[in-house]
Each structure stands twice: as structure tokens, then as C-alpha cells.
Amino acid sequence: MEASQGGGRSGWSAGELFIAAIIIDIIGLVSFGVPVAGEAIDVVWAPMSAALIRYFFPGAPLVFPVVGFTEELFPGIDFIPTALLTWIYVMSRSRRA
């Protein structure tokens, strides 16, 4: 895969993948602001977050969507920017290629 494609989903630029990662992480953070329903939102969002990380970054190791899924399910660790960390990993790998 070409570095100009950002190392992620074919046809997406590095900037577009960055925006997608930020949006995925922001949605995950939104549950912090919802007092009681926040954990229910996390249960729904956890598999969606993992699927989106896998979709946008198919070449990244499976540990990234697994960590994304896990951090959304467990209370108190939603602040980890898993999608952004995935983007950083993919970009650093594409620069070396």
C-alpha cells in the first residue's frame, strides 16, 4: 500500500484517516458526560468502535480493535485514544515502508 494513501483503507488520505480516528475517539468520550446512561452507551459503542478501527486501519494488528473494544467496556478508561494510537502506528509504519 502506498504511503500517500496513509497506510489505511485504500483511497483514504492520512488526513482523512486522522479525522476518522478523532471522531471515533470523541464518540467514545461522549459517554463520560452522560451520568447513568454512559455505561449503556459504552456497551453499544464498544463493538462499533472496534469494527470502525478495523475498517479504517485493516493493516494494523488486531490488538488495536481489541483494546478499543475493551477500553470502551470497562469504566474509567474511556479516555484512551485507541483510534488515534492506531493511526499513529499505521502512519509510522507507512513512513518506514
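Colleague: In which helix does Gly28 lie, and why is this residue called buried?

Modeller: Gly28 belongs to helix H1. The model is a predicted one, and in it Gly28 has a relative accessible area of 1%. Buried means under 20%, so the value of 1% places Gly28 among the buried residues.

Colleague: Which residues is Gly28 in contact with, leaving aside its neighbours within four places in sequence?

Modeller: Gly28 is in contact with Asp42, Trp45, Glu72 and Asp78. A separate value concerns Gly28 and Ala83, which are 55 residues apart along the chain; their C-alpha atoms are separated by 10.0 Å.

Colleague: What makes Ile19 count as partly exposed?

Modeller: Ile19 is also found in helix H1. The relative accessibility of Ile19 is 48%.

Colleague: How many helices and strands does the protein chain have?

Modeller: The chain has four helices and zero strands. Read along the sequence, its pattern is α-α-α-α. Of its 97 residues, 36% count as buried. Among contacts between residues at least 6 apart in sequence, 60% join residues at least 24 apart.

Colleague: How do you know that H1 is roughly antiparallel to H4?

Modeller: H1 and H4 pack at an angle of about 155°, and their axes are 7 Å apart. An angle over 145 degrees counts as roughly antiparallel, so H1 is roughly antiparallel to H4. By class, the contact of these two helices has 10 nonpolar, one polar and one charged residues. In H1, the residues that take part are Ala14, Leu17, Phe18, Ala21, Ile22, Ile24 and Asp25. They meet Thr82, Ala83, Leu84, Trp87 and Met91 in H4.

Colleague: Why is Met91 called buried?

Modeller: Met91 has its place in helix H4. Its relative accessible area is 5%; the limit for buried is under 20%, so Met91 is buried. The C-alpha atoms of Met91 and Ala14 are separated by 7.5 Å, although the two residues are 77 residues apart along the chain.

Colleague: Which residues of the largest nonpolar core touch the most other members?

Modeller: This core has 16 residues, and those touching the most other members are Leu17, Ile24, Ile53, Phe56, Phe57, Trp87 and Met91. The elements that give two or more residues to this core are H1, H2 and H4. In soluble globular proteins, nonpolar side chains tend to be buried together.

Colleague: Is Thr86 buried or exposed, and what value decides the matter?

Modeller: Thr86 lies in helix H4. Its relative accessibility is 0%. The limit for buried is under 20%, so Thr86 counts as buried. Not counting residues up to four places away in sequence, Thr86 touches Ile53, Phe57, Ala60 and Phe64.

Colleague: How do you know that the buried residues of H3 line one face of the helix?

Modeller: The buried residues of H3, which spans residues 63-73, are Phe64, Pro65, Gly68, Glu71 and Glu72. Seen down the axis of H3, these residues fall within an arc of 130°, so they line one face of the helix. They pack against helix H1 (14-30), helix H2 (38-56) and helix H4 (82-96).

Colleague: What makes H2 and H3 roughly antiparallel to each other?

Modeller: H2 and H3 pack at an angle of about 170°, with axes 8 Å apart. The cut-off for roughly antiparallel is over 145 degrees, and the two helices are therefore roughly antiparallel to each other. From H2, the contact involves Glu39, Asp42, Val43, Trp45, Ala46, Pro47, Ser49, Ala50, Ile53 and Arg54. From H3, Phe64, Pro65, Gly68, Phe69, Glu72 and Leu73 take part. By class, the contact of H2 with H3 has 10 nonpolar, two polar and four charged residues.

Definitions and conventions. Residues are numbered from 1 along each chain as its sequence is written. This is a predicted model: local features need pLDDT of at least 70, side-chain atom pairs count only at pLDDT 80 or more; totals for chains, interfaces and linings use all residues. Side-chain values use heavy atoms; hydrogens and water are left out. Buried means under 20% relative accessible area, exposed over 50%, partly exposed in between (1.4 Å probe, protein chains only). The arc is that of the directions from the helix axis to the C-beta atoms. Contact means heavy atoms within 4.5 Å. Axes are lines fitted to C-alpha atoms, for helices over the stretch in contact, and angles run from 0 to 180 degrees between N-to-C directions. Angles under 35 degrees count as roughly parallel, over 145 as roughly antiparallel, 65 to 115 as roughly perpendicular and the rest as oblique. Ala, Val, Leu, Ile, Met, Phe, Trp, Tyr, Cys and Pro count as nonpolar, Asp, Glu, Lys and Arg as charged, and the others, Gly among them, as polar. A nonpolar core is a set of buried Ala, Val, Leu, Ile, Met, Phe, Trp, Tyr and Cys residues joined through side-chain atoms within 4.5 Å.
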